Amino acid sequence: MKKNYFLAFGLIILAACSPETEEKQEKLPLVGSWKLLTGTLIEAGDTLVTDYTEGQEFIKIINDTHFAFLKHDLNGGQDSTAAFVAGGGPYDLEGSTYTEHLQYCNFREWENNSFEFEVTIQGDTMVSTGIEKIEELDVNRLNIEKYVRIKE
């Protein structure tokens, strides 16, 4: 009888320590499509807040391994607000630390750089905060972005 208790106890301990338990840790629900609402850049004491809901649109698409972002003006590229920006690459997620490895970008000098952000998600809103730093381009700024999940 005691052997059965020890065997059952041992099996419970083994199940609790299995690698599957670690894999079941809840990850941030990043996967999906996101619309950028506002972006705040703080650099050298100056703050620039951009409303991405007026005259332009910016989306970020995240799957299990990669991210992509697309931005364009809403005037069909027909006036001084004409703009198109795109980029993407793989990312890492460790807890709430989201690191983008920018592999593709129409601003080619930004390629092959990594940017680390702390991400929070509450309901359908995601906020990412991190430093964008590229010494060769003299870029060193705090970037705070607020997104809303695009519903399917």
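Modeller: We shall take confidence, strands and aromatic rings in turn.

Modeller: This is a predicted model, in which local features need pLDDT of at least 70 and side-chain atom pairs count only at pLDDT 80 or more, while totals for chains, interfaces and linings use all residues. Residues are numbered from 1 along each chain as its sequence is written, and side-chain values use heavy atoms, with hydrogens and water left out.

Colleague: What is the mean pLDDT of the chain?

Modeller: pLDDT is the predictor's confidence in each residue, from 0 to 100. Here the chain has a mean of 88, and 83% of its residues reach 70 or more. Over residues 5-9 the pLDDT is below 50, and beyond near neighbours in sequence this stretch has zero contacts in the model, a contact being heavy atoms within 4.5 Å. Residues 20-24 also have pLDDT below 50, with two contacts beyond near neighbours in sequence.

Colleague: How many bridges join strand S3 to S4?

Modeller: Strands are DSSP runs (E, at least two residues), numbered from the N terminus, and two of them pair if DSSP finds at least two bridges between them. Strand S3 (residues 56-62) and S4 run antiparallel and are joined by seven bridges, forming a hairpin with three residues between them. S4 also pairs with strand S5 (residues 84-94), in the antiparallel sense and over seven bridges.

Colleague: Which residues make up the covered face of strand S4?

Modeller: In S4 (residues 66-73), the covered face carries Phe-67, Phe-69, Lys-71 and Asp-73, whereas His-66, Ala-68, Leu-70 and His-72 lie on the uncovered one.

Colleague: How many aromatic pairs does a search of the whole structure find?

Modeller: Rings of Phe, Tyr and Trp (its six-membered ring) pair if their centres lie within 6.5 Å; planes under 30 degrees apart count as stacked, over 60 as edge-to-face and the rest as tilted. The search finds five such pairs. One of them, Tyr-52 with Phe-58, is edge-to-face, at 5.7 Å centre to centre and 65° between the planes. Phe-58 and Phe-69 form a stacked pair, at 5.8 Å centre to centre and 10° between the planes. That pair links distant parts of the chain, with Phe-58 in strand S3 and Phe-69 in strand S4, eleven residues apart.

Colleague: Is Phe-58 buried or exposed?

Modeller: Buried means under 20% relative accessible area, exposed over 50%, and partly exposed in between (1.4 Å probe, protein chains only). Phe-58 counts as buried because its relative accessible area is 9%, and Tyr-52 is buried because its relative accessibility is 15%. Phe-69 is buried as well.

Methods. Helices (H or I, at least four residues) and strands (E, at least two) are DSSP runs, numbered from the N terminus.
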